[in-house]
Amino acid sequence: MALDFSPVFSGCYKLLQGASVTVEITALALVLGCLMGLAVGVGRLKPERRVVYALCSGYVAVIRGTPLLVQLFLLFFGLPQFNIMLPAFFCGVIGLGIYSGAYVSEIVRGAIQSIDRGQMEAARSLGMPYGTAMRTIILPQALVRMIPPLGNEFIALIKNSALVSLLTIHDVMHEGQKIISVSYRSLEVYLAIALVYFILTGATTLALRRIEQHLRAGGMVQ
Amino acid sequence: MKTQKPIVHIRGLRKSFGDHVVLHGIDFDVAPSQVVVVIGPSGSGKSTFLRCCNGLEKPDRGDVEICGHSLCEGGQMLGDQALNHLREQVGMVFQSFNLFAHLSVIDNITVGPRKVRGVSKQQAEAEALVLLEKVGLEQKAHAMPASLSGGQKQRVAIARALAMQPQVMLFDEPTSALDPELVGEVLQVMKVLASEGMTMMVVTHEMDFAREVADIVVVMDGGVLIESGPPEVIFTNPTQGRTRDFLRAILTRA
């Protein structure tokens, strides 16, 4: 059977619309994931603050220990049993963001803990409060070390976002499947979808590499 | 000047890490403008002693009073805010410099005054340049720490501590991480500070510095203060056998 890409070309506009939904969802989830990851990662630095530590650790354990698809379905199909009906797009962003946040928090924690203890001690011995020292001394240095693993996490997030097509969200995956349902051209359309994801992840990789180079050039790295 | 009210006043200071008792009840006073050099074999608790003086380590028991404020009373630490405030008055210089790696030399010096004391950028930089000149590094103001030699890093670290206008300076083996040829430049800066009347507590293995600059030499071993006195007494006529053993070991090393 010969390949026939004409359904891809005629559905090109729909695929691009889907791609933009994928980008929107991923970008919003990424912001949410980073904020949650930062908060939870910092929350897990001091086990002696028991309540905060336990809450943050529990979050990471549950989210990392269960499938993303199940989490998304719980939000979208499970919560309506309590009459909590969230819009699909909202569920997608929240679900992906919460999921990503668990992984980002481990990246944040690891990067912060890799900064020499002496940096914090020097800051505190100048009279800086813990929060100020964390913001002005530790986090800027930790950020540089976070970038490579964050790159991995962002790429994973982009690819995982394909699951939100199952929440009736019209992302690129969903749009592609609609084209397949009328054209039966699975191979061609899935190849096109794969290409879209590849372009998105590639652009993310390049952007992060730029940022890292920029930070290194600024002397942020020992 | 040794009759003045002490600026550092320590009674019954005890500190342990787990089961390991590092400091067994230290009593010690430092008068304003005094230079105290703490010597002793490694593991004797010198650094812990110093770190208890600005709350980097929390004592288990005892009283630590600095600049008229109680840092620790009966093992109870000062609250966070008051502790931060007290630390502004106690400068600390570390063995491993601990310059902020992402900040230029001048930003390393100004970050404390700006973030903690709310000094304007302009004023903080003007003051920082004066301090850099004092440590002989005004031409390095915009260099990054990674490009400096160890001796230069330590001089910047001293300037950074001085920028907070402390009343007491703590030096935790400030020259131990330096190549031998760089030790002199750091000690020189410390000598100038001492001559200007800064109150200093210095943990060091530089016996010549101790002999030349110290008002009081303190010998520690096994977490206790075994002997203290003017350097001419400690170095020529120590009363304790352990002091003699330590000095013999360290002075015949070269």
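## Close-up views of a predicted model

**View 1. Helix α4(A) passes helix α5(A) in a right-handed crossing.** A crossing is right-handed if the near helix is turned clockwise from the far one by less than a right angle, and left-handed if anticlockwise. Helices (H or I, at least four residues) and strands (E, at least two) are DSSP runs, numbered from the N terminus. This is a predicted model, in which local features need pLDDT of at least 70 and side-chain atom pairs count only at pLDDT 80 or more, while totals for chains, interfaces and linings use all residues. Residues are numbered from 1 along each chain as its sequence is written, chains are lettered from A and ligands numbered from 1 in the order in which they are written, and side-chain values use heavy atoms, with hydrogens and water left out. The axes of α4(A), residues 68-78, and α5(A) come within 9 Å and cross at roughly 140°. Axes are lines fitted to C-alpha atoms, for helices over the stretch in contact, and angles run from 0 to 180 degrees between N-to-C directions. The two helices, α4(A) and α5(A), are therefore oblique to each other. Angles under 35 degrees count as roughly parallel, over 145 as roughly antiparallel, 65 to 115 as roughly perpendicular and the rest as oblique. On the α4(A) side the contact (heavy atoms within 4.5 Å) involves Leu68(A), Gln71(A), Leu72(A), Leu75(A) and Phe76(A). On the α5(A) side are Ala88(A), Cys91(A), Gly92(A), Ile94(A), Gly95(A), Leu96(A) and Tyr99(A). The residues of this contact between α4(A) and α5(A) are 9 nonpolar, 3 polar and no charged. Here Ala, Val, Leu, Ile, Met, Phe, Trp, Tyr, Cys and Pro count as nonpolar, Asp, Glu, Lys and Arg as charged, and the others, Gly among them, as polar.

**View 2. Helix α3(A) packs on helix α5(A).** The angle between α3 (residues 50-65) and α5 (residues 88-114) of chain A is about 120°, and their axes are 9 Å apart. This makes α3(A) and α5(A) oblique to each other, and α3(A) passes α5(A) in a left-handed crossing. From α3(A), the contact is made by Tyr59(A), Val60(A), Ile63(A) and Arg64(A). From α5(A), the residues include Gly97(A), Ile98(A), Tyr99(A), Ala102(A), Tyr103(A) and Glu106(A). The residues of the contact of α3(A) with α5(A) divide into 7 nonpolar, 3 polar and 2 charged.

**View 3. Chain A has 9 helices and 0 strands.** Its C-alpha trace spans about 70 × 50 × 25 Å along the principal axes of chain A. Of its 222 residues, 47% count as buried. Buried means under 20% relative accessible area, exposed over 50%, and partly exposed in between (1.4 Å probe, protein chains only). Among contacts in chain A between residues at least 6 apart in sequence, 74% join residues at least 24 apart.

**View 4. The largest nonpolar core has 64 residues.** A nonpolar core is a set of buried Ala, Val, Leu, Ile, Met, Phe, Trp, Tyr and Cys residues joined through side-chain atoms within 4.5 Å. Ile112(A), Phe49(B) and Met201(B) have the most contacts inside the largest core. Helix α7 (residues 130-160) of chain A gives the largest share of this core, 11 residues. Not counting residues up to four places away in sequence, Ile112(A) touches Val42(A), Leu45(A), Met134(A), Ile138(A), Leu139(A) and Ala142(A). A second, separate core of 51 residues includes Ile39(B), Ile106(B), Val186(B) and Met198(B).

**View 5. Two residues lie in the loop between β2 and β3 of chain B: Ala31(B) and Ser33(B).** The loop joins β2 (20-30) to β3 (35-39). Ala31(B) is buried, with a relative accessible area of 7%, whereas Ser33(B) is partly exposed at 39%. Phi of Ser33(B) is near 70°, a positive value in a residue other than glycine. Most residues other than glycine have a negative phi.

**View 6. Cys67(B) is found in the loop between β4 (61-66) and β5 (69-73) of chain B.** Although Cys67(B) is not a glycine, its phi is positive, about 50°. Cys67(B) is buried, with a relative accessible area of 15%.

**View 7. Ile234(B) is found in helix α8 (residues 231-236) of chain B.** The relative accessible area of Ile234(B) is 0%, so this residue is buried. Leaving out residues up to four places away in sequence, Ile234(B) touches Val217(B), Val219(B), Glu227(B), Ser228(B), Gly229(B), Thr243(B) and Leu247(B).
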